[in-house]
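Here is a briefing on a ligand site and the fold around it. Please look at the model first.

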Amino acid sequence: MAKPIVSVLFVCLGNICRSPSAHGVFQQVLEKAGAADRVRVDSCGTGDFHIGKAPDQRAIAAARKRNIDIDSLRARQFEPADLKQFDYILVMDRHNLENIRDIWHRYGGTQPELFLGYGQSHDVDEVPDPYYGGEQGFERVLDLIEDASQGLLRDIRERHF
Ligand code: 4NP
């Protein structure tokens with residue numbers, strides 16, 4: 001397998017709902033596009049409360065309905081070294097953006113950006129936190145992420161391949 005030439009890190013708060021969903025969805029998008037060996041994907045959270053845990057069962061179930069398997073992912077916390085190791089640091093909401101931007105101001109590296117900046121079909125720029133809501137929230141997360149994943153793949157192709 002060729003060495004990946006681009007790396008993407010998805011970031012949310014807990015790394016058990018939105019960012020593992022993005023991780024799984026974008027990995028599937030890459031596989032379908034025949035580009036999985038050229039892009040490294042990872043995800044993490046700004047918080048430390050779920051380190052080591054599997055994704056939320058509702059996120060696993062929603063992803064499974066779309067033939068995406070995320071149950072082997074385990075939560076980890078964002079670390080400053082990630083800013084040097086990833087080409088794209090894609091956060092889910094403005095709260096995440098503020099947190100990572102504070103770290104970026106101190107350490108430099110890749111500038112964090114809102115993942116939905118790559119979206120095309122929805123009129124929102126944040127992925128809403130589904131943790132305290134119902135199953136529908138997890139479907140909405142996947143819809144937004146799927147759309148932005150297509151735009152992200154396009155950007156990677158234009159700028160790196
Ligand atoms: P995530 O969702 O940031 O999409 O993983 C959350 C998961 C857990 C909590 C908040 C958001 N929590 O407060 O424990």
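A backbone N or O atom of Cys17 lies 2.9 Å from an oxygen atom of the ligand. That is a polar contact (a pair of N or O atoms within 3.5 Å). The model is predicted: local features need pLDDT of at least 70, side-chain atom pairs count only at pLDDT 80 or more, and totals for chains, interfaces and linings use all residues. Numbering starts from 1 along each chain as its sequence is written, and side-chain values use heavy atoms, with hydrogens and water left out.

**Ligand contacts**
- A polar backbone atom of Asn15 is 3.2 Å from a ligand oxygen atom.
- Asp129 uses its side chain: a polar atom there lies 3.4 Å from an oxygen atom of the ligand.
- The protein buries 91% of the 350 Å² that the ligand exposes when taken alone (Shrake-Rupley method, 1.4 Å probe).

**Ligand shell**
- Residues surrounding the ligand include Cys12, Leu13, Gly14, Ile16, Arg18, Phe49, His50, Tyr131 and Tyr132 (a heavy atom within 4 Å).
- The shell divides into seven nonpolar, three polar and two charged residues.
- Here Ala, Val, Leu, Ile, Met, Phe, Trp, Tyr, Cys and Pro count as nonpolar, Asp, Glu, Lys and Arg as charged, and the others, Gly among them, as polar.

**Fold and dimensions**
- The protein has five helices and four strands (DSSP runs: H or I, at least four residues; E, at least two).
- Along the sequence the pattern is β-α-β-α-α-β-α-β-α.
- The C-alpha trace spans about 35 × 35 × 30 Å along its principal axes.

Definitions and conventions: Polar contact = N/O pair within 3.5 Å; in protein donor to acceptor, adjacent residues only side chain to side chain.
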